[in-house]
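The sequence and the structure are shown first.

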Amino acid sequence: MIGLDQAATANLLRGLAQVASRLDALTATVLAHATQVRVEETNGATTTATWWADATHRTRATAHRDVKLAVALSRFTALAEALAQGRVNTEQAHAIARALGDLETDGPEELEPVVVEQAEKHLVDCADGFDAKHLKVLGRHVLTVVAPAPEVGEAHEAKLLEDEERRAAEKTRLTFASDGHGMVHGRFSIPTLHGAMLAKAIQALTWAKQDPAEVRQTRPTPVAAGQAFTELLERLDAKDLPTVGGVGATVVVTMTIDSLMGGLAAAALDTGEVISAGAARRLACEAGVIPMVLGGKSEVLDVGRRRRFHTRAQRLAIAQRDKTCVVGGCDAPPSRCHVHHVIPWSEGGGTSVKDGRLYCSAHHAMVHDPKRSGRLRT
């Protein structure tokens with residue numbers, strides 16, 4: 001490295017990058033030939049990609065990606081030439097090849113081959129100023145540039161977006177579990193739109209605590225993002241969420257009067273977990289939770305009214321008392337239960353906590369079925 005100043009080092013690195021692209025192009029040419037002569041038969045491998053992974057100690061995923069590009073370059077000659085000349089790097093070649101492949105498989109049925117050739121040339125020219133990530137985006141819109149009519153490209157892009165959103169909806173997941181040590185861990189996969197919405201909300205809550213002059217347009221650290229996420233959950237208003245089983249999505253925090261006044265006894269959530277008295281006192285002031293304070297005998301006072309359906313307060317009290325569906329062996333939580341009148345309303349029964357019982361939907365149906373109600377064990 002002696003004698004290499006900054007400018008010379010920069011030029012050398014650019015030259016080496018071009019050499020690497022040219023070598024990758026040569027390797028792809030030979031790999032494409034390897035698929036034709038079935039080089040995998042030399043050692044009993046199942047595919048050329050499997051042989052390539054074994055021969056070079058690549059991962060299977062990398063080897064399959066290499067062979068896929070090699071086969072694509074044998075069809076897209078302009079792209080192959082650009083890679084061989086070092087005008088396109090390998091990552092860019094992958095992005096362009098994928099865009100062209102999608103155009104061939106998912107494009108309009110009447111699409112002429114010459115349009116694909118024009119798209120190839122356009123994307124190769126764009127590689128001079130855009131990296132692989134941007135080329136992937138440009139590839140989605142390429143038909144609007146090279147198609148004879150703009151509406152052809154717009155229809156193709158709309159189809160790609162609809163298919164992508166459908167796949168995203170099918171793959172949407174959310175899992176979380178408590179580790180038993182005061183933390184809940186989870187993973188999620190959500191569509192791009194909702195990921196952007198979540199990111200905006202987290203950023204807003206993170207930056208809101210900073211001086212406006214010091215706000216930096218960067219992603220928040222994991223700690224700051226985690227704190228913002230917990231604040232986001234606490235800001236949820238129960239009125240914005242649907243009601244399930246009459247109780248809604250509001251978390252009920254049960255505590256004694258002593259804990260509310262400053263004691264140390266833990267409080268219980270209606271989901272079964274426990275939290276500290278300090279956290280319970282803080283949450284008692286939030287809109288997203290309902291504090292339920294118990295007297296000395298752990299009893300919830302009945303303030304029911306003479307009406308057909310139990311009030312929200314009565315449903316919460318019944319849920320606190322019964323915990324689950326009252327049928328023996330059924331552990332359905334209150335959110336999945338209905339409140340049933342012990343003495344039917346039509347027969348003069350009252351609407352109160354005393355006359356209400358939690359039944360899951362299945363067992364509630366059995367209660368009202370004379371043929372099956374006798375089999376219920378509470």
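A search of the whole structure, which is a predicted model, finds eight salt bridges. Side chains of opposite charge can pair when their charged atoms come close.

| Glu91 | Arg65 | 3.2 Å |

The side chains of Glu91 and Arg65 meet in a salt bridge. This pair links distant parts of the chain, with Glu91 in helix α5 (residues 90-106) and Arg65 in helix α3, 26 residues apart. Glu91 counts as partly exposed because its relative accessibility is 43%, and Arg65 is also partly exposed, at 38%.

An α-helix has 3.6 residues a turn, so residues three or four places apart point the same way. Arg166 counts as partly exposed, at 42% relative accessibility.

The chain as a whole has 14 helices and eight strands. Of its 378 residues, 32% count as buried. Among contacts between residues at least 6 apart in sequence, 50% join residues at least 24 apart. The accessible surface comes to about 24500 Å², and 57% of this area belongs to carbon and sulfur atoms.

Several buried positions show how the helices meet. Ser21, in helix α1 (residues 6-37), has a relative accessible area of 5%; this is under 20%, so Ser21 is buried. Beyond residues up to four places away in sequence, Ser21 touches Leu83, Gly86, Val88, Asn89 and Thr90. In helix α2 (residues 48-56), the residues Thr48, Ala49, Thr50, Trp52 and Ala53 are buried, and the buried residues of α2 pack against α1 and α3. His57, which follows α2, has a positive phi near 60 degrees.

Leu160 is located in helix α8 (residues 150-171) and is buried, with a relative accessible area of 14%. Leaving aside neighbours within four places in sequence, Leu160 is in contact with Asp106 and Arg140. The C-alpha atoms of Leu160 and Asp106 are separated by 7.8 Å, although the two residues are 54 residues apart along the chain.

Two patches on the surface complete the description. Lys68, Arg98, Lys136, Arg167 and Lys171 gather in a patch of positive charge. Lys68, a residue of helix α3 (residues 60-73), has a relative accessible area of 66% and is therefore exposed. The other patch is nonpolar: Met1, Leu4, Leu12, Leu13 and Leu16 together have about 530 Å² of accessible area. Leu16 lies in helix α1 and is partly exposed, with a relative accessible area of 48%.

Terms used: Residues are numbered from 1 along each chain as its sequence is written. This is a predicted model: local features need pLDDT of at least 70, side-chain atom pairs count only at pLDDT 80 or more; totals for chains, interfaces and linings use all residues. Side-chain values use heavy atoms; hydrogens and water are left out. Helices (H or I, at least four residues) and strands (E, at least two) are DSSP runs, numbered from the N terminus. Buried means under 20% relative accessible area, exposed over 50%, partly exposed in between (1.4 Å probe, protein chains only). Contact means heavy atoms within 4.5 Å. Accessible areas come from the Shrake-Rupley method with a 1.4 Å probe; for residues, only the protein chains shown count as cover. Patches are made of residues with over 30% relative accessible area and no salt bridge: like charges are joined within 9 Å, nonpolar side chains (Val, Leu, Ile, Met, Phe, Trp, Tyr) within 5 Å. A salt bridge is a side-chain nitrogen of Lys or Arg within 4 Å of a carboxyl oxygen of Asp or Glu. Lys and Arg count as positive and Asp and Glu as negative; His and the chain ends are not counted. The place of a charge is taken as NZ of Lys, CZ of Arg, CG of Asp or CD of Glu.
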